Amino acid sequence: MVLYTAGLNIIDCSTIRQWVTASASYKTTITSPNYPFNYDNNLECAWLIEVDSDISFHGYIVKVTFNDFKLELSDPPCTNDVLKFYDGMSSLSGLLGGYCDTHHPEVIYSTRQYLYVKFHTDAYYYDLTNKGFSFSFSAVKQEEAAGICRSTDGSNKVRSLIGTSGTFFSPNYPVPYPNDVRCIWTISVPAGKRVKLTFEDFDLDKDFVTCDYQTEKIDYVQIRDGQVSEVKSLRFIADTRRQGL
Ligand SMILES: [Ca+2]
């Protein structure tokens, strides 16, 4: 069996959104203008990515992965040059994230068939630019994003993971997670099997005084042996040690 992928580079930059299609059978790549050479100042580029209409009503969403990423580092972060992702058809849709410097999420998923992407660079002719970005997108079944937690309002967001293996991570990983996040994952494996968790990376806020999990003032991961919050706690982790269970 031979696997292959076809790609298409879309290098035009237009303030009028360019409508591009996400396919389930191949990846498409978008790069910043001039990539891998430095992009220009004073850019406004917009792309609207839509799941292929043949499958858009079959539970497909847009998935983005990064190949390369280097934008100007500014202070405060991302106030000069920024790449933003919106969960819908325009910049009026919910903002999934805005990224700069070398920091970007592992993966970005839309929640429905549209993902709007906007690249902005600041206007000053003497300002810094950089090599820019290259990211690829495709259409995937929405079940693939079942473990994605977008909570930032302090309410519990419960995600159900079912199957024999999988991966999940904190919001925005490996970009630092936002404040006020409450993510709960319930993991179900086939009958007769047990769940094994392996942490591949672990880095939480270390500014805590005591490992008191009743307080809302610390960042922590708690692992429970069952389906509800009342069941036995197996492990409580609130520091940066790598843990295996
Ligand atoms: Ca700049």
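## A chain of strands

In the protein chain, 67% of the contacts with a separation of 6 or more are between residues 24 or more positions apart; two residues are in contact if their C-beta atoms, placed from the backbone, lie within 7 Å. This is a predicted model, where local features need pLDDT of at least 70, side-chain atom pairs count only at pLDDT 80 or more, and totals for chains, interfaces and linings use all residues. Residues are numbered from 1 along each chain as its sequence is written.

The protein chain has 0 helices and 14 strands. Helices (H or I, at least four residues) and strands (E, at least two) are DSSP runs, numbered from the N terminus. Of its 245 residues, 20% are buried, where buried asks for 20 or more other C-beta atoms within 10 Å of the residue's own.

Now to the core. The largest nonpolar core has 29 residues, and Val62 and Leu115 touch the most other members. Such a core is a set of buried Ala, Val, Leu, Ile, Met, Phe, Trp, Tyr and Cys residues joined through C-beta atoms within 7 Å. Strand 9 gives the largest share of this core, 5 residues. Leaving aside neighbours within four places in sequence, the contacts of Val62 include Ile49, Leu115 and Phe137.

Strand 9 has 6 of its 7 residues buried. Its pairings (at least two DSSP bridges between two strands) include these:

| Partner of strand 9 | Sense | Bridges |
|---|---|---|
| Strand 4 | antiparallel | 7 bridges |
| Strand 6 | antiparallel | 5 bridges |

Within strand 9, Tyr114 stands opposite Glu50, and Lys118 is the bridge partner of Lys84.

Methods
A residue is buried if 20 or more other C-beta atoms lie within 10 Å of its own, exposed if 12 or fewer, and partly exposed in between; C-beta atoms are placed from the backbone.
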